[in-house]
Each structure stands twice: as structure tokens, then as C-alpha cells.
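Please keep the sequence and the structure in view while reading.

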Amino acid sequence: MTDTLDTSSVIGRPLRRKEDAKLLHGRTNWTDNIQLPGTLHMAIVRSPMAHAKVTKVDVSEALKQPNVVAAYNAAELGDLNSVVPCVWPVTDDTVMPPFPALTGDKVRHVGDCVAVVLATDAASAEDALAYVDVEYEPLPAVVNMIDAISPGSELVHGDATNNTCYVYDLGGGYEDELAKHSDVVRVKRRFVNQRLIPAFMEPRAVVAAPMGMSDEITVWTSTQIPHVLRVLLQLVTGIPEQNLRIIAPDVGGGFGGKLQCYREEILVTQLARKLGRPVKWNETRSEDMVATHHGRDQIQDIELAATKDGKFIGLKVDLLANMGGYLQIITPGIPLLGMFMYPAIYKMDAYQFQCTGVFTNSTPTDAYRGAGRPEATFAIERIVDEMAAELGMEPMELRTKNWIEHHEFPFTTVAGLTYDTGNYEAATAKAMDMFGYHELRAEQKARRESGDPVQLGIGISTFTEMCGLAPSRTLGALKYAAGGWEHCTIRLLPSGKVELVTGTSPHGQGHETAWSQIASEILGIPVDDIDVIHSDTGRSPYGMDTYGSRSLAVGGQAIKKAADRVIENARPIAAHQLECSANDLEFANGAFSVKGDPEKTVTLGALAWAAFAAHNLPDGVEPMISGEATVDPEDFSYPHGTHLAAMEVDTETGKVKLRKYVCVDDVGNQVNPMIVEGQVHGGLAQGIGQALYEGAEYDSDGNLLTASLADYLIPSAADLPSFETGSTVTPSTTHSLGTKGVGEAGAIASTPAIINGIVDALRPMGVTDVLMPASPQNVWRAIQAAKGASA
Amino acid sequence: MIPAKFDYVRPSTVDEAVAALVAAGEDAKVLGGGQSLMPVLRLRMGEPSVVVDTTRIDEMKGITDAGDAIVIGAGTTHDAVTKSDLVRQHAALLAAATDTVADRQIRHRGTVGGAMAHADPAGDQPPVALAMGASFTIAGPSGRRTVPASEFFVDYFTTAVGPDEVLVSVSVPKHTGWGAHYEKFNRTAQAWAIVGVAATVRMDGGSIAEAEVGLTNMGPGPVKATAVEQALVGASTMAAITAAASHAAEGTSPNSDIHAESDYREHLARVLTARAVAKAAGIS
């Protein structure tokens, strides 16, 4: 898919994934496959109401049901009813309401947890739920964010004075900057970035078990963050950290939805501890829809100002961000991850940003693929198109006029980030060529002139993002509780095989293959001889896990450094065996040889055995060869790309068809182009899903209307065209492998491309925006409204 | 997602099935292909005490030529219907609509009779049965009776089949040589119809001699677009079809839900009816 990679090396080859044979043959180890003797199955009484006082929770009848062993309400759980942690208060006065695993006073969203029942089999536990007697005293539901912050609103948290979680004000001097210009054109829009449900393939599942005579409690959980979870679980449960072992077995997708310390994980762990038996919980899809955290849900007021000839002056952003009923792990911080990205690839002199976090009676929000950056990218790419329309300029020409040119890097944006590299011109030129941009513009013109009921629109998204979370000092400055480093240990085994221990935690990304490729490239050991160990705090004690397109960008650097250290640690043994000075050795293709005497050589595999036997090591050299590294990234990385969508809009019905999708992504050096392409494809499906299909909707009582996959629509392969992907390679200069990260690119870039394409098709009819998801009805209504306005 | 407890019987004849239903009182459910019933059970939206599995009743399977009609056993899968030469030749509209039901896996499990008896307003086949004048053979404790489609579909998820009865077969009058098209409008490939239009026409010298049009999801049950059918007689141009289709929403009572409000459904019915008829008639 790229013509600029060196395929002679292992890095850069589209190797088939090592992990797939196991997955395809069903030799998987999902959490639900874990069956321990004596397991108790937990089922949860969930609130059917969005907002209500809980006046009674009586589990006594449930306890009498067949095979039921235990049942608890919040009070009965007592000290074991730990709080769910939030580690990112974004301001000094962020309101952090208590969030106990079981709620005792009132319920704050449909799906809130009221009681638990444990039985010797899952069916008995589920049957017994109906016998838990709960009395609710209904309260008005706070659903709409604008109503929630209006004076006199019902309060989600009764001891607060309003529903505001925080107000984050970056400041910015937007009006002052505009006052310096005489010819200012302002374009202002309100965009609704709707609520999404992660809807990963494997619903959440947890098993916790006390491990016999030791003090250890092992927790198997379908998570993206075993390491972070261990730290958080010890904090909230009081179980000593060294006694907690967290294992993420095979995990079927996460998309941020499993970047969490869930109340169910806390409950299962505490109940296993209390009852001294393994406890298991496996959620249904119906539970997943209301109880897994949701994503997005922002109302975005955005204003862009430019001179009449189309030079951007400044940008003003004011967000309402829906927190939901409680704060989860990084709920408040998600919009701030987007804060840096609104100015995107554009040069301007002023940027003003404010965000208000709002509590409502809805499922808590948190990270979902892109986490703040898709929202920002959507708003800026949409408003740039609106500015182009206002100025009467071709939208790509307006972008060209304002973006950072490739010779201007490194470039510090008005938001304060320093982009190390980029080449927007190259990616765009390639994308436009692949797309047939000018031909499609000609077809669009012809359809407009002939009054074709099916109109054609071209959607543009020239995006960048910040990846590789994150420099620890930056996280500290943002009041995030933890760091952003990553760890790797590489051990040579006596046989010459390699164990690579990583702190990243894959859940579908292909780390086992890609990490092997990096180590293979450096150590000269075949990919198949490298075993990647991950996602188990017992076998991989240090790590910061997988999210924010960080695993390769940060974890990859740790692999490189650890592998380099393996070679350096092997070097004195090689020098001893070859009877030369360490400085006279060169290392290539898995072997040391003496400079100028290539016959004198010894392989890393042979040295591994020598270091194991330790019969003849040089003085002062310890047996066994390994290398260990913990890398804190120097900076974020900044992938970018140009995405183009050809949208056909049936103006009679409002139905849209994505006819063609072309993207050229620059993710820097690629370790495995096939995996890169797969990540782009999956991201596109999710970003297009937001644009066209997905949207969690509540009624005025706070009931989730899209509570099943029959109503919450996720696109399948049948709904999407064959994507045409390409790439340019502008290596990162701040990351030692020159990589940038690709996990979120497709999801971030594609949503505005689709909506821009629909609006572009309908703009001659007077349409300037379409609500997401751009369902046939929403598109048809936009057309009708424009017709009504012009009539 | 674990159903509540229920008893399970699997009769091998229609009489045994009826006997099992009578024995269970009003609290039994008939299992056909299970594509609608199983989700209901798993979500505990229904908790019947007995499930009567009809999948081993030979009489309820297969498609036969009955002279002026074709008879489809209630337990015949959607997939078998779409692949039947008899259906394709004499009831092309039923084949076309059935081909859009859900996805391939579901069409291999789900049954035509099950879908008719379930009577989901968004189901693709009930409007076909109504438009084409199908009739339904129902067995009960007092024997068998035949009910025309116009009386079979009663309300949301409600048919003329009583709690102690079982649908045995569907008889569709032959429409040999008629053009047919089912225009299904949905958001994703496997989603339910927001609106569907089933149209079949008999052409005579380039104009429409007879038309039958049924609407999906335009009310609590399938709707026969009688005004459209009458207005179509003699139509030979797209303009005439469009004019006739403007009556499509007459007499309908569509629901509002998260995918479409009722006024939008009415608009769609008109647009899609014109398209369905035009395709069935080969007029553009």
C-alpha cells in the first residue's frame, strides 16, 4: 500500500498476524471461557429508571431462591462497596460526586446498580433478580444538557448546587485579535456531536478468584488496562497491590470502552474476597448498552474568523460536554484531549476555548476511539467547509491557503502543541489523484445542472491528531493522575528464543506480530522465535496499557531501547568468546563479528546458551542476557491525512450512499502495513458509523431508546464500499522508530468527510448542516427545512 | 439473556401440536424457526410456560402446486421460498420480498409461516400476502379453517391464529407472468424496513392492466393500497404511476419511532410506491 517503505527489512513487511491462527481456530481464552471450580455467578439488579430515590432494597426473597448463595444491597455490602475512581479532575474545583459500586440513595441512570445476587449457576442468578424487592420514588429526569444547566433544573447529585461538573476556561483573546483586522468574516455554527456506544464485539466479563493458600486474588477481566486497573483496584478496595494479579485474556475489542475501572470489576473482586470463592460476571448485550460507558455527546459552539481573502484569524470554541450520571476514570478529561486539536492543521493567531462539563441522568461518558479528538476534528473540518461556502471559495483551496506547509515544521500551533513533522501537501495531492477529485467535481456540476434527483457531494477532511499518549510531565500539568511511559523487557532464553515482555495490552491490534517484527529487525532473530508476553501483571509487571494510539508510538520505543540493550549486554560475552575488544565487534543479522575478519563470528543464540551455562563468562559479567527499558515519550506524535468521500444523496428520500472513500494517511514509519491498513479500515467503519448510523438516544424520561443492536445501528461490510487507502511516510522526529500511531486515525478523520460530503451535495438547495447520524429522515428534514426557508 | 424456565414439547404431527397447545392453556408459544421467539424469550419479554416446537412436523414443510395457487407449508424456510421455482414463477413478489428478509443466516432458519404469524408491522411478507390475496390454513381443536389475508392480520403482532391454534400453510394465488418488485427502505443492510412497498402488476400492451400493492410498516399491520391499485389501471407512463402513487398514504396510520416519524413514513410510501410499481411494470 505504500511505495516508499524498505521491504527488505522485517519492519515494514505486511506479515500475516501470528495471533490469527488461534483466533480463527477457536483456541481462544475469552474471560467467559474461564471456568473455575466452585464459581459463583453474579447478576445485577439494575435500575429501570433514570432518576429516582431508592426507598427500599430487600434481597431476602432472592436469597430463598434455588441455588442462590448470597445477595446484597449497598448497605449490606458495607465497607466492600468501594467507590468507582475518577483520576482526572480537570480543574481545582471539579465536582467529584461519590460513585459507590452499588448505589444506596438514588439511581442516576437507567442501568445504575442497586443490588447483586450470587448463585451457583448463571441462570439461577438471573432468575432470582426478579425477587429482589426495590422501591423507587421517581424524580424528574435530567436528560438534556441545556436544560440541565438552566437555573432551577432538577439536580443529578442532590448535594450539589447545580449540574455543572466543571468549567474549564483556556482563555484566548479571540475578540482582541479580530479587532486588529478590518475585513473580518465570521462563521458560527452549533454542532451536535452525538452520544455513541462503543459496542465492542465481546461484552464485558470478569472473573475474580482467591488463589488458594496465598493471599493473591487473581482478576481476569476483559479490559484494555490490566496494569492501570491493578493500581486503581488496590486504591479503592484496599487489597495490597502485590496481592492483586490482573489478567486481560483474549479481549474482543475495546475502542476505549474497556479503558475503565468498572463497578462490576470492583464488585466481583470484593465479593470473591468476601466469599472466598471465585466469582464471575458476564454481561448481556442489553446490559452493555446501558452500563458500558458511552462516548462523545458534546454540543459544540464554534466560530471561525477569516479575512475576506480567506486567511484564518482566529477560532472560538465553547463546549457543553455530557458527563452522564457519574464520573468514570477520565470522564472530565475527554473534551480536553480535544482542546488541543481544534486549530488542527491550520495557522491562525487566536484561539479561545471553554468547556463546561454537565451531569445528566444518563450512562457516564468516557473514552471512545479518538476521545475528544474526533469531536474537535469534526467541528473544525465542518466549520472550514462552511467558511469556504461563506467566502465562495473551493473548500480544498481554503485549506491549502491556511494549512502549515511542509517546510514550516516543526511548527507550534496556536493551541501550544509543536508538531514535529508533516506533509499535508503530499498526502492531499495523492488522495486527490486516487479519488479523481476533478472528475467528480465535473460530475457534480453536471448533476446539479440537470436537476438529477440524486445529487453528488464531495466531502473533505484534512486532519491531524495527537497520538502516543503521553509525555508524563504534560499529563501532570493537565492534572491527570498517572504518567504516560511504557516498558519492555526482552529476555534471551537458553535456546536462543526470545521472550518479549511488553506493558501494552492488545485487544485486537496485532501487537504480538508487530512487536516481534521490531525485535526481529534489531536482534536478527526470526519473528516466529519471539514470544510476546502481555496483559498479565504477574508476567508483565510494568506497563501503562493500550489506548490513545500509544502502543507503538510509546511502547515501540521501549522495545527498541530494550533490544538495543540486549545487544550491548551480549557484547562483552561475544568479545570474550571471539577474543577481541568489544569495540572491534559489529552486530548484524543476529550475530557479532570482528571488524575486518568476518569469519570470526558468534550468533546471539549461541551467546544466549553461553550466558545460561555461564561456564566461561568474562569476569564481572552476570549470567543470562536481557535488556529492559522504560521510555517516557519526548512528545506526542502527530499523524495526519487527507480523506475524501463521494456522497450520493437521494433528494427525494434523504437516503445517502457512500459511493467512494479514499484516504491517504501519514502515520510515519509503518511496522506492518497490513495491520496499519486494517486499523484504518476499522476506524473508518466507526467514524462513518457516527456520521450515518450510530447515535444513542434517550427519551424525556431518560430511557435509552437505542438499547439494542436492532435500534442502535452499526454498519456491517454490506453497508460500506471498498475503501481505497494509501499512505505517505513522513517519519516522526521525536519517536525513535519514526512511527506515529494509527489506532484512531480512521475514526477521527472520516466523520466530517461524510457530513461535509452530504452538505456539499445539498448546498445549492440551501442546506448548511445535517444532524448526525445523517439518517434518511434527518437528511430529508434538512432538505425540507431549507426548502421552507427559501419559500 | 437466559430465558425463564419453560416446558418444551416437540410434536411430529399438526394434531399433536394442537393437542399440546390445548393442554397448555393460553400460556404456550409455538416455535417455528425461532428467529423472533428466541430473542423474546432471551430478553424475557415473554415467559411462556410451554414452547411447542413445530420444526419436526413434515406436513408443515415444503411448497406444492395446487392448480390455481401454490401452497407453502408454514414451516418452510425463507431460503427455501426464495429458491423455489414455483414461487419465482407464480408468486414473484413473494420471492422478491423474502429475499430481503434479514440476512442469509436468518433466512436459513426463519420460516415464512413464523413471520406471518408473528405479524411484525415491519415484516416484509405480510403485505405481499395481503396484496396478492393469500389465504391461511389454521388448525385448532375443532378442525381446520381457512382465513383470507384481509382477516388474518388483526393488529400489532396479532393474527387470527388463536392461542390453541397453529398456522399450517399459506396459499398464494398464482400470478403467473406478473411483474413484481419489493422496494425495501432501511438504514442498514440487515435492518427492518422503515417502509416497504410490495407491488405486482399484470401488463397488457405496455400499460398496467391490474395492480396489487401492499405496504410494510405503514400501520399496525400490512396495508393494501387500494386507491393506488385502482388509479394504476391503464397507466403506461412514469407520470401516471407517480400520480397514482400519490394516493399511497391514504388510509394508513404509520407509527413514529426513532428511525422515522409518521409524516416521513407517509412521504416515503408515496415515493417508494412509484418506484416499486415502475420497476414491477418495467416503466421508467
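## Domains of chain A

The centres of domain 1 of chain A and domain 2 of chain A, taken over C-alpha atoms, are separated by 40 Å. Domain 1 of chain A spans 20-26 + 485-631, and domain 2 of chain A spans 404-466 + 638-699 + 719-791; such bounds come from an automatic or database domain assignment. The model is a predicted one, in which local features need pLDDT of at least 70 and side-chain atom pairs count only at pLDDT 80 or more, while totals for chains, interfaces and linings use all residues. Residues are numbered from 1 along each chain as its sequence is written, and chains are lettered from A and ligands numbered from 1 in the order in which they are written.

Domain 1 of chain A brings 13 residues to the contact and domain 2 of chain A brings 12 residues, where two residues are in contact if their C-beta atoms, placed from the backbone, lie within 7 Å. On the side of domain 1 of chain A that touches domain 2 of chain A, helix 16 (511-523) and helix 17 (551-578) of chain A each supply at least two residues; helices (H or I, at least four residues) and strands (E, at least two) are DSSP runs, numbered from the N terminus. Helix 17 of chain A gives the most to this side, with five residues. By class, this side of domain 1 of chain A holds four nonpolar, seven polar and two charged residues, with Ala, Val, Leu, Ile, Met, Phe, Trp, Tyr, Cys and Pro counted as nonpolar, Asp, Glu, Lys and Arg as charged, and the others, Gly among them, as polar.

## Sheets of chain A

Strand 18 of chain A is antiparallel to strand 26 (residues 640-650) of chain A, with which it pairs over 11 bridges, and Val454(A) stands opposite Asp650(A) in strand 26 of chain A.

Strand 1 (residues 40-46) and strand 12 (residues 279-282) of chain A run parallel and are joined by two bridges, and Leu40(A) has Val279(A) as its bridge partner in strand 12 of chain A.

## A helix pair in chain A

Helix 11 (residues 373-391) of chain A packs against helix 20 (residues 745-762) of chain A at an angle of about 30°, with the axes 8 Å apart. Helix 11 of chain A and helix 20 of chain A are therefore roughly parallel to each other, since angles under 35 degrees count as roughly parallel, over 145 as roughly antiparallel, 65 to 115 as roughly perpendicular and the rest as oblique. The residues making the contact include Phe378(A) and Arg382(A) of helix 11 of chain A, and Ile748(A) and Ile755(A) of helix 20 of chain A. The residues of this contact divide into eight nonpolar, three polar and four charged.

Chain B is divided into domain 1 (7-53), domain 2 (62-173) and domain 3 (179-281). The C-alpha centres of domain 2 and domain 3 of chain B lie 20 Å apart, and their contact takes 21 residues from domain 2 of chain B and 22 residues from domain 3 of chain B. Helix 8 (126-132) of chain B is one of the elements that give two or more residues to the side of domain 2 of chain B that touches domain 3 of chain B, and helix 8 of chain B gives the most, with six residues.

Between the chains, 17 residues of chain B are in contact with 22 residues of chain A. Helix 12 (residues 262-281) of chain B provides the largest share of the side of chain B that touches chain A, three residues.

Technical notes:
Pairing = 2+ DSSP bridges. Axes fitted to C-alpha atoms, helices over the stretch in contact; angles between N-to-C directions.
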